[in-house]
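Please work through each task before reading its solution.

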Amino acid sequence: MSRITLAHGGGGRASRHLIEHEIAHRFASGPLEGLPDAATLSAPCTGLVFSTDSFVVQPLEFPGGNIGHLAVHGTVNDVAVAGGRPLWLSLGLILEEGLPLELLRRVLDAVAAAARACDVQIVTGDTKVVPRGQCDGMYLNTAGVGAVLPTLALDRRRLAVGDRVLVSGTLGDHGMAVMCAREGFELANAPRSDTGPVHRLVMAAAACGDGIRFMRDPTRGGLAAVLDEIVDGLAVGVRLDEGHLPFSAPARAVAELLGVDLLHVASEGRVMAVCSPEVAPEVLHAWRALPEGHGAMDVGEVVAEPASVTLATLAGGRRIVDVPLGELLPRIC
Amino acid sequence: MRLIDGFRQPRAAAALTAELAELGTALGARQVKLMEVCGSHTMAIARHGLKDLLPPNVRLVSGPGCPVCVTDPGYVDAALAIAERGAAVATFGDMLRVPGSRGSLADARADGADVRVFYSPVQVLDWAAADRGRPWVVLAVGFETTAAPLAALALEIRRRGCDNVTLLTATKTVPPALDALVTDPALSIDGFLCPAHVSAIIGARAYLPYAEEHGRACVVAGFEPLDVLDGVRALLTQLLRGEPRVDNRYERVVRWDGNPAAQRAIARVFRTVDAPWRGLGVIPGSGLALADDLSDLDASLRFELPVTPGRVNPACRCGDVLKGVIDPEGCRLFGAPCTPDRPFGPCMVSSEGSCAAAWRYRRSTQ
Ligand code: SF4
């Protein structure tokens with residue numbers, strides 16, 4: 001057996017074999033062994049954060065990771081930036097008939113390794129197989145539950161003039177890596193996806209209490225889309241400083257070549273925080289002490305311009321940071 | 001990418017800006033109109049907020065150098081008709097959302113047409129080789145910069161014998177459009193910021209007639225913010241001295257004679273024809289059609305579908321925008337209802353279009 005067949009989704013012996021020998025043993029042990037249809041859990045707190053996300057990236061593997069890493073990091077990060085400490089994930093697999101088993105194993109190994117690194121448990125799961133042509137190799141879905149971090153009071157309406165905008169590292173690497181992999185660009189110095197967890201960064205920021213106004217992970221649509229959503233309808237806006245925006249050299253080179261604005265491009269392992277000017281240095285310091293935050297930068301400030309996002313350019317001019325139209329990078333996460 | 005960083009040094013920009021202010025003062029009451037011919041310049045100027053840095057008596061207007069913007073809607077109609085006949089249509093991404101007389105390629109794709117986006121035209125050969133049973137049509141839109149790779153594509157189609165790939169050409173050349181602009185008495189353009197990439201092919205020499213016969217300042221400049229500011233400085237200096245000439249400030253890429261190999265490939269594959277430009281009308285000798293011995297690669301012959309002029313929305317003033325007669329903000333439809341999400345004309349679609357640049361980067365910073 002080297003490929004997934006429809007029999008693997010039929011509910012019979014082949015299905016059981018697939019689940020027992022390829023999937024379940026990689027994940028939970030103890031009472032949750034075998035990934036039950038439903039997991040019974042006891043929450044260590046009263047407030048919960050709950051999130052779900054689906055992953056349809058093409059290609060399934062790209063420099064810096066694969067769809068398995070994304071499926072864990074995507075949901076862990078969604079839970080984290082909502083102010084939760086991620087605890088449990090579910091894992092839904094939709095596999096296409098003919099999918100090479102070796103590829104499935106690499107993806108599942110990535111899910112298991114990423115979950116371990118994030119300190120979350122995969123506690124329940126589901127597997128379906130669809131006929132050839134009905135999905136692009138595989139789709140994944142994860143849902144995640146986390147415990148509310150009590151010190152955080154995230155609310156974008158608390159943005160105040162003078163607040164700082166921080167990002168935890170270079171922007172747009174994931175989107176450029178996937179784009180290059182998808183289009184088959186052969187580059188000596190190709191961008192690598194930044195896929196990774198941000199929950200430790202969130203928890204480090206949480207230590208600064210209510211000086212943290214808001215957090216988001218700049219995924220689809222990049223920092224531009226996230227900021228645009230945040231200031232929507234507010235009496236304040238954000239002004240970014242081009243000179244402080246962190247971009248990696250490979251991502252920048254490809255973006256220049258293709259005429260892409262990296263502010264529009266997804267990251268999958270970064271977090272953006274708006275915080276009071278008093279706590280900003282403390283947050284930056286805490287972030288830079290973590291490997292995933294060593295490239296953190298203060299990139300801009302909240303200004304008294306209603307619902308606007310602008311960029312002070314290095315040349316000394318000023319322009320609007322527009323929202324991407326959405327067709328540039330279809331299906332990058 | 002030291003190159004990029006090197007050319008965006010804020011201190012150098014501040015020094016150039018100060019010099020521009022002095023030149024502006026030296027011009028006194030004179031109002032100067034400069035045209036950036038090329039869409040990539042339009043975008044660079046908007047992206048880096050460079051209009052903020054010009055003296056008040058110096059105006060930069062956009063020119064006809066955005067290939068998508070000057071493509072006649074009839075061309076989009078022909079591409080749609082070809083897609084309806086079951087061909088796979090391959091295009092640069094910018095063409096996707098350009099409205100024809102009845103919808104865009106993106107609309108057709110949503111309705112099930114097979115429309116693919118390429119980054120480099122030669123990608124299409126692999127796609128078509130894996131799909132031999134079907135015709136593949138490449139939308140050949142662009143200026144000299146694109147004509148060179150399209151010429152290579154045509155020769156490669158012939159060499160590999162990919163008889164299921166054809167080209168629908170609306171390829172154009174820049175100098176005939178400049179001829180039309182300098183001879184139009186209604187347009188008083190003092191100087192041209194000449195295109196960067198196009199000039200790499202045709203050479204800085206191509207602009208001599210505009211300086212020597214028509215007395216316009218001509219400066220070839222690159223796309224980095226400092227390149228553009230330096231280009232404007234060079235233009236203003238020429239105007240102050242009253243000595244129009246061709247100044248190549250982009251020597252790291254553009255040679256006086258251009259790229260002879262690319263010129264030869266273009267001359268081998270294409271022949272010049274009269275071509276319709278949106279907003280400018282038919283310009284003699286400005287189009288590139290496939291040479292007679294390559295006419296079997298011509299999609300409009302293969303599909304027996306002549307490209308006829310399409311219907312433009314009469315309220316859209318792209319034509320006036322492309323000639324520098326009005327700024328995008330001068331169009332009644334700008335912003336409401338015309339936006340990049342719901343474009344009425346191609347200038348609002350293309351990432352290099354002046355209306356799109358104005359809408360995306362300028363609308364409320366002024
Ligand atoms: S704003 Fe829209 S309608 Fe007006 S000229 Fe530009 S593209 Fe045409």
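**Exercise 1: the hairpin and its strands**

In the hairpin of S12(A) and S13(A), with 5 residues between the strands, Gly316(A) has a positive phi near 105°. The model is predicted, so that local features need pLDDT of at least 70 and side-chain atom pairs pLDDT 80 or more, while totals for chains, interfaces and linings use all residues. Residues are numbered from 1 along each chain as written, chains are lettered from A and ligands numbered from 1 in written order, and side-chain values use heavy atoms, without hydrogens and water.

Task: State which strands pair with S12(A), and in which sense.

Solution. 
1. Strands are DSSP runs of E with at least two residues, numbered from the N terminus; two strands pair if DSSP finds at least two bridges between them.
2. S12 (residues 309–312) of chain A runs parallel to S9 (residues 237–241) of chain A, joined by 4 bridges. Here Asp241(A) has Ala312(A) as its bridge partner.
3. S12(A) also pairs with S13 (residues 318–320) of chain A, antiparallel, over 3 bridges. In S13(A), Ala312(A) is partnered by Arg318(A).

**Exercise 2: a residue of chain B**

Task: Determine which residues Asp52(B) contacts beyond its sequence neighbours.

Solution. 
1. Asp52(B) lies in the loop between helix H3 (39–47) and strand S2 (58–65) of chain B.
2. Leaving aside neighbours within four places in sequence, Asp52(B) contacts Gly317(A) and Arg318(A), contact meaning heavy atoms within 4.5 Å.
3. The Asp52(B) side chain reaches the backbone nitrogen of Arg318(A) at 3.1 Å.

How values were computed. Polar contact = N/O pair within 3.5 Å; in protein donor to acceptor, adjacent residues only side chain to side chain.
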